[in-house]
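This briefing is intended for a reader new to the structure shown below. It treats salt bridges, aromatic pairs and surface features in turn.

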Amino acid sequence: MTVYFEDEADISFDFETSRQLDQVISFVKEYVGCPYDVEVSVTLVDKPSIQEINAQHRGIDRPTDVLSFPMMEYDEPADFDGPAFRGTIAVSPDKNELMLGDIVLCSHIVKEQAEEYGHSELREFTFLVVHSMLHLFGYDHISENDRILMEKEQREIMRRLGVGRT
């Protein structure tokens with residue numbers, strides 16, 4: 001597994017971000033049953049940067065907590081045998097790893113939401129990485145059924161990781 005990590009926001013947390021990223025990404029990969037070694041790019045940015053990216057890619061001109069840019073398509077979430085996945089599979093030539101995609105996370109908003117929701121920065125950071133990883137594996141929350149499924153998976157992963165709200 002390769003995690004390319006870049007911290008453009010230069011905001012410190014009370015935990016080791018790169019270690020937490022490795023742990024969460026690895027756990028979610030195993031949880032969804034991904035049969036491949038994976039490559040993920042994670043960038044921590046500030047509010048103006050994520051607002052610009054959000055406006056450019058989603059047409060929403062405001063900051064957000066996390067953005068996910070999946071490389072694969074799936075017929076169903078985490079369906080590694082379907083025609084959509086097989087048609088979009090991308091493997092890095094140098095490491096022979098599945099290139100899942102990119103995660104852009106706003107450090108400022110992680111801190112703000114942790115305080116607003118009354119839980120630790122570690123919990124908020126972990127939740128947003130779990131959420132984004134599920135997007136990279138084809139989960140979404142556009143329809144009500146998809147939202148219910150994704151939220152169920154998020155809760156179970158967070159429970160298994162032992163990172164609760166308190």
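E156 counts as partly exposed, at 21% relative accessibility, where partly exposed lies between buried (under 20% relative accessible area) and exposed (over 50%), with a 1.4 Å probe and protein chains only. E156 forms a salt bridge with R159, the closest N and O atoms being 2.6 Å apart; the term denotes a side-chain nitrogen of Lys or Arg within 4 Å of a carboxyl oxygen of Asp or Glu. This is a predicted model, in which local features need pLDDT of at least 70 and side-chain atom pairs count only at pLDDT 80 or more, while totals for chains, interfaces and linings use all residues. Residues are numbered from 1 along each chain as its sequence is written, and side-chain values use heavy atoms, with hydrogens and water left out.

- R159 and E156 are three residues apart in helix α6, so about one helical turn separates them; helices are DSSP runs (H or I, at least four residues), as are strands (E, at least two), and both are numbered from the N terminus.
- R147 is partly exposed at 27% relative accessibility, and E144 is partly exposed at 47%.

**Salt bridge between helices**

- The structure holds eight salt bridges.
- One of them joins the side chains of K47 and E112, at 2.7 Å from N to O.
- K47 lies in helix α2 (residues 47-58) and E112 in helix α4 (residues 107-117), so this pair ties together parts that are 65 residues apart in sequence.
- K47 counts as partly exposed at 28% relative accessibility, and E112 counts as partly exposed at 40%.

**Aromatic pairs**

- Nine aromatic pairs are counted, under the rule that rings of Phe, Tyr and Trp (its six-membered ring) pair if their centres lie within 6.5 Å, with planes under 30 degrees apart counted as stacked, over 60 as edge-to-face and the rest as tilted.
- The rings of F80 and F137 have centres 5.9 Å apart and planes at 85°, so they form an edge-to-face pair.
- This pair links distant parts of the chain, 57 residues apart: F80 is in the loop between β3 (66-70) and α3, and F137 is in the loop between α5 (121-136) and α6.
- F80 and F137 are both buried.
- Ring pairs also link Y36, Y74, F80, F85 and F137 into a cluster.

**Negative surface patch**

- A patch of negative charge on the surface gathers E6, D7, E8 and D10.
- Patches consist of residues with over 30% relative accessible area and no salt bridge, like charges being joined within 9 Å and nonpolar side chains (Val, Leu, Ile, Met, Phe, Trp, Tyr) within 5 Å.
- D7 is placed in strand β1 (residues 2-7) and is partly exposed at 34% relative accessibility.
- D10 is placed in the loop between β1 and α1 (17-31) and is exposed, with a relative accessible area of 69%.

**Positive phi angles**

- D10, a residue other than glycine, has a positive phi near 55°.
- N96 is likewise not a glycine, and its phi is positive at about 55°.
- N96 is found in the loop between α3 (83-88) and β4 (98-106) and is exposed, with a relative accessible area of 62%.

Key:
Areas by Shrake-Rupley, 256 points an atom, 1.4 Å probe, with all protein chains shown as cover. Lys, Arg positive; Asp, Glu negative; His and termini not counted. Charge placed at Lys NZ, Arg CZ, Asp CG, Glu CD.
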